[in-house]
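Trainee: Please take me through the ligand site in close detail. I want contacts, surroundings and the pocket.

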Amino acid sequence: MPFSQDLALAALAKIKDPLTGGDIIAAGRLASLTEEVGIVQAVLQIPPPEADAFFPVRDAAQAALAELDGVAKASVILSAHKGGPTVGGAPKRKGNPHQPRRPEGYQGDSNIKKIIAVSSAKGGVGKSTVAVNLAVAMAKSGLAVGLLDADIHGPSAPMLLGLSGEIATTREVEGRRLIVPFEAHGIKAMSIGFLTKDDGPIVWRGPMVQGAISRMLWDVDWAELDVLIIDMPPGTGDAQLGLAQDIKPVGAVIVSTPQDLALLDARKGVAMFGKVDIPVFGLIENMAVFTCPDCGSEHHIFGEGGAKRDAEKLGIDYLGAIPLQMQLREDSDAGRPSGEGVFIKIAAQVGELAGIN
Ligand code: ADP
């Protein structure tokens, strides 16, 4: 039988609310309930100080949904905020074994050897283009590479890899139902864009972002990976901070354009990763110089040398400059990431900094 929203609501209505004594539906906890290809996601809104009391509720809701017909995978996320974007927000997590959080020693237990975050302080600077091309460049060097597009407000991996409109399937692996990543251009890729048919931006609040992404990471059948590149959501807010803390990459690279404002923002990125003790491997300057396709002359449209100086000031490595190229944009739009040229050099440097052999 296919998934039924009514049956799901009925199942959730059997779960007691720890604060009101009634059930969680009557208490108005359910903020959203969605289903795509058998993957059900529910969000429960709770008052932040009471988070601990709701962990068993979350587990019970998850178990109840997982048992329903048409459900391959159920995930329930606790959200501490009503309306509006999150400020300061996910439920308290420390020391609670039930919270959906990457287990201790996760990298050792899993088949993913290293995770690297690609981050930017704002959108449109080419973060996803860089993430995809770095992943492809690393794969070309012989590594087993995965790409997780965590930019859930505007997932672009499907387009960049030529997989627009594709929907992921699941399969049973050693008793667990896992999402099957797509394989393209020599890498394995997963994106929230493969879980929804909707083309529009997905507007999710902070804790939902965090929960959805860390679950997506653990629930994908990556098999063996030398490295997983995470295309982070743009920004340096709580959602990104929480995500970085959850995923605990071995390091992060920051993508910035040479514009002063973008560089200023890059500083915030460095500060954000610093807060959670994740080393920043360096700064990648994108759209650094425009090479005239007709005469070959170089134009520093956004100024020259600023990113390098800024990286020095921040005490991080300057990993290199990616020129503003028509070809790169065309290849991106056409879903043909080359992973060639400067990306090979930057990928080698990042690989070395991350300790990938
Ligand atoms: P972000 O992930 O930071 O939002 P994208 O990677 O989606 O940015 O890039 C935004 C747009 O800029 C895309 O159309 C992409 O093809 C284009 N772009 C990115 N980097 C370059 C570049 N170096 N030269 C030309 N176009 C680029």
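Mentor: Start with the term. A pocket, on a 1 Å grid over the protein atoms alone, is an open set of points where a 1.4 Å probe fits, with protein on both sides within 12 Å along at least five of seven lines; lining residues have an atom within 4 Å of a point. A molecule sits in a pocket if more than half of its atoms lie within 2 Å of its grid points. The ligand sits in the second largest pocket.

This is a predicted model: local features need pLDDT of at least 70, side-chain atom pairs count only at pLDDT 80 or more, and totals for chains, interfaces and linings use all residues. Residues are numbered from 1 along each chain as its sequence is written, and side-chain values use heavy atoms, without hydrogens and water.

Now the polar contacts (pairs of N or O atoms within 3.5 Å). Thr-129 places a side-chain N or O atom 2.5 Å from a ligand oxygen. Asn-286 has a polar side-chain atom 2.9 Å from a ligand nitrogen. At Val-125, a polar backbone atom is 3.0 Å from a ligand oxygen. Alone, the ligand exposes 560 Å², and the protein buries 81% of that (Shrake-Rupley method, 1.4 Å probe).

The shell holds 16 residues, with Gly-124, Lys-127, Ser-128, Thr-129 and Asn-286 the closest; a residue counts if one of its heavy atoms lies within 4 Å.

The pocket lining has 23 residues; Gly-124, Val-125, Gly-126, Thr-129 and Met-287 lie nearest the centre. Helix 4 gives the largest share of that lining, four residues. Helices are DSSP runs (H or I, at least four residues) numbered from the N terminus.

Notes. Polar contact = N/O pair within 3.5 Å; in protein donor to acceptor, adjacent residues only side chain to side chain. Helix = DSSP H or I, 4+ residues; strand = E, 2+ residues; numbered from the N terminus.
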